[in-house]
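Me: I would like to learn how to read a protein structure. Could we take one feature at a time, starting with the idea and then turning to the case at hand?

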Amino acid sequence: MTTTAPRLEPGPTLIGAMRQRVLKFAERVAVPLATPLVPADYLDVIDPLRSGASLRGRIVAINPETRDAATLLIKPGRGWRPHIPGQYVRVGVDVDGVRQWRAYSLTSKTHRRDGCFAITVKAISGGVVSNHLVRRATVGTVIQLDQATGDFTLGAHGDQVPAKILFLTAGSGITPVMGMLRNMSGIGNPDIVVVHSSPTADDTIFGWDLRMLARQGRIRLVEKHTDSDGLLDVARLNEIVHDFAERQTWACGPAGLLDALEQRWAADGIPDRLHIERFRPTVINTGEGGTVTFSKSGSAVDVEGTRTLLDAGESAGVLMPSGCRMGICFGCVAPLKQGAVRDLRNGEVTIAGDNVQIQTCVSAAAGACEIDL
C-alpha cells in the first residue's frame, strides 16, 4: 500500500527563512546590475522596513480625532528606538513629487506590543504636509523617519514625577501632553491639572480621552472654549489654578500664549518651574538654482538650476568626494544641512533635515542651500 505524506502548510518560521533566502538572492544578483543604483535600492522595494535600510515607517491605521485632526498609527523599520513620552519625531512625506519633512509629537504608549507608535496631526490652513496626512494619506503608505528626539519630557524627574503638575495647552499643543498622560499610569499618584484651550468642545483633540481621565479622577480638567470664553487670560490664571506657582508646569501651544506664560512665570520669580515646547515650522521656498554654500570649506557659489552640485563645488575649489568618473557610484554622497536640492534625473526635490544625504553628481540647487563639505 502506498501512503502519501500529509501536506504541510508553511509556518511563520519557514516563511521567514524563505523570505531571507529571496532577499539574499536578490542582493547577490543585483550587485553587477546596480548602476547607477545600489542593491539596497532594489531591496527597499521588496522590504522598505528591513534592517540596515534608511529608517522608514508604514502607516497601518488612520483614526480621525476631530474634523481636522487624525491619529496615524505607524509601524517603524527595525532600526527604530523607543521614545520618551513628550518627544517628537520628524517624518518625511512625498507630496506631489517633493519630499517634505515635518515634526509631530508622539502620542501613544511606549513599548507597544505591536511595535507601532502614533502621531497626531492637525491640518492647518495652507499646511502642505498636515493636510496631506489628515485628508489624503492612506493605510500602507511608506514614510521616511528620524529617531525620536526632544526634551519636552518629564526629564530628570524620570519615574519620580513631581507631586503637583500643571499641563497648560492650546490647540494641537495637547499632543505631547497626551503622550505623557498615557504613559503615567502606575508611576506614583501625582496631582495633575490640565488646562486646555480649543475653539469648541468638538474641536478638542483627545476630548473624549481627557474627559475620561477626569471622570476616573486621574486629572482635573479645565476646558476653555475660545469661541465662547475668549482667550485664556494668563494674568488671571490663579483664579483657575490657585496653586499654579507650586506646580511644575509643561506648556505647549501658540506663540502668543507661551510668550505670556514666560513673562508671568518670570515676573513671579519661578521661571525654572515652566517647561515649554514651541512648534516652529520652517518653510523652504524652492526654485531653480541659487547660492550653494559649502560649510566646511567656507566657499559659496551661485549656480544655475541645471548644473550639478559636484561641478559647482569643483569650480569653486572645494575638494568634492566622488567616484563617479571611476565607475564607483555613491562616492559623492554628502549631507544637506540647509535648503533644498533637485534630482536632475527625475525632478524630485529633497529638503534638508537631520542626516539627509544627497548625491552631488545628480543634484542641483533648488534655491539657496548648504552642503556639509
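This is a predicted model: local features need pLDDT of at least 70, side-chain atom pairs count only at pLDDT 80 or more; totals for chains, interfaces and linings use all residues.

Reply: We start with a definition: a residue is buried when its relative accessible area is under 20%, and exposed when that area is over 50%.

Me: What share of the 373 residues in the protein chain is buried?
Reply: Buried residues account for 46% of the 373 residues. The accessible surface of the chain is about 19600 Å², and carbon and sulfur atoms hold 51% of that surface.

Me: How many helices and strands does the protein chain have?
Reply: The chain has eight helices and 17 strands. As for contacts between residues at least 6 apart in sequence, 66% of them join residues at least 24 apart.

Me: How do I read a helix, and which residues of α7 are buried?
Reply: The general idea is that an α-helix has 3.6 residues a turn, so residues three or four places apart point the same way. In α7 the buried residues are L257, L258, L261, R264 and W265. Viewed down the axis of α7, these buried residues fall within an arc of 125°, so they line one face of the helix.

Me: Which exposed residues sit on the face of α7 turned away from its buried side?
Reply: That face carries G256, Q263 and A267. On the buried side, the cover over the buried residues of α7 includes β7, β10 and β11.

Me: How far apart should the ends of helix α7 be?
Reply: Helix α7 covers residues 255-267, which is 13 residues, and at 1.5 Å a residue it should span 18 Å. The C-alpha atoms at its ends are 18 Å apart, in agreement with that value. Just after α7, G269 has a positive phi of about 70°.

Me: How do I read a sheet, and in what order do the strands around β7 stand?
Reply: In a regular strand the side chains alternate between the two faces of the sheet. Here five strands make an open sheet with parallel pairing, in the order β9-β8-β7-β10-β11. β9 and β11 stand at the edges with a single partner strand each, so one side of each has no neighbour in the sheet. On average, neighbouring strands of this sheet are turned by 15° against each other, direction ignored.

Me: How many bridges join β7 and β8?
Reply: β7 and β8 pair in the parallel sense over seven bridges. A170 stands opposite S197 in β8. Helix α4 lies across β7, β8 and β10, and runs at about 145° to β7.

Me: Where is I219, and is I219 buried or exposed?
Reply: I219 is in the loop between α5 and β9. With a relative accessible area of 8%, I219 is buried. Leaving out neighbours within four places in sequence, I219 is in contact with L181, I192, V194, L210, L213 and A214. I219 and V193 are 26 residues apart in sequence, while their C-alpha atoms are 5.7 Å apart in space.

Me: One more strand residue: is Q100 buried or exposed?
Reply: Q100 is in strand β4, and at 13% relative accessibility Q100 counts as buried. Its contacts, not counting residues up to four places away in sequence, are V91, G92, V93, V128, V129 and I351.

Me: What do the buried residues of α3 pack against?
Reply: They pack against β2, β3, β4 and β5. The buried residues of α3 are V129, S130, H132, L133 and V134.

Conventions
Residues are numbered from 1 along each chain as its sequence is written. Side-chain values use heavy atoms; hydrogens and water are left out. Helices (H or I, at least four residues) and strands (E, at least two) are DSSP runs, numbered from the N terminus. The expected span of a helix is 1.5 Å times one less than its number of residues. Buried means under 20% relative accessible area, exposed over 50%, partly exposed in between (1.4 Å probe, protein chains only). The arc is that of the directions from the helix axis to the C-beta atoms. Contact means heavy atoms within 4.5 Å. Accessible areas come from the Shrake-Rupley method with a 1.4 Å probe; for residues, only the protein chains shown count as cover. Two strands pair if DSSP finds at least two bridges between them. Axes are lines fitted to C-alpha atoms, for helices over the stretch in contact, and angles run from 0 to 180 degrees between N-to-C directions.
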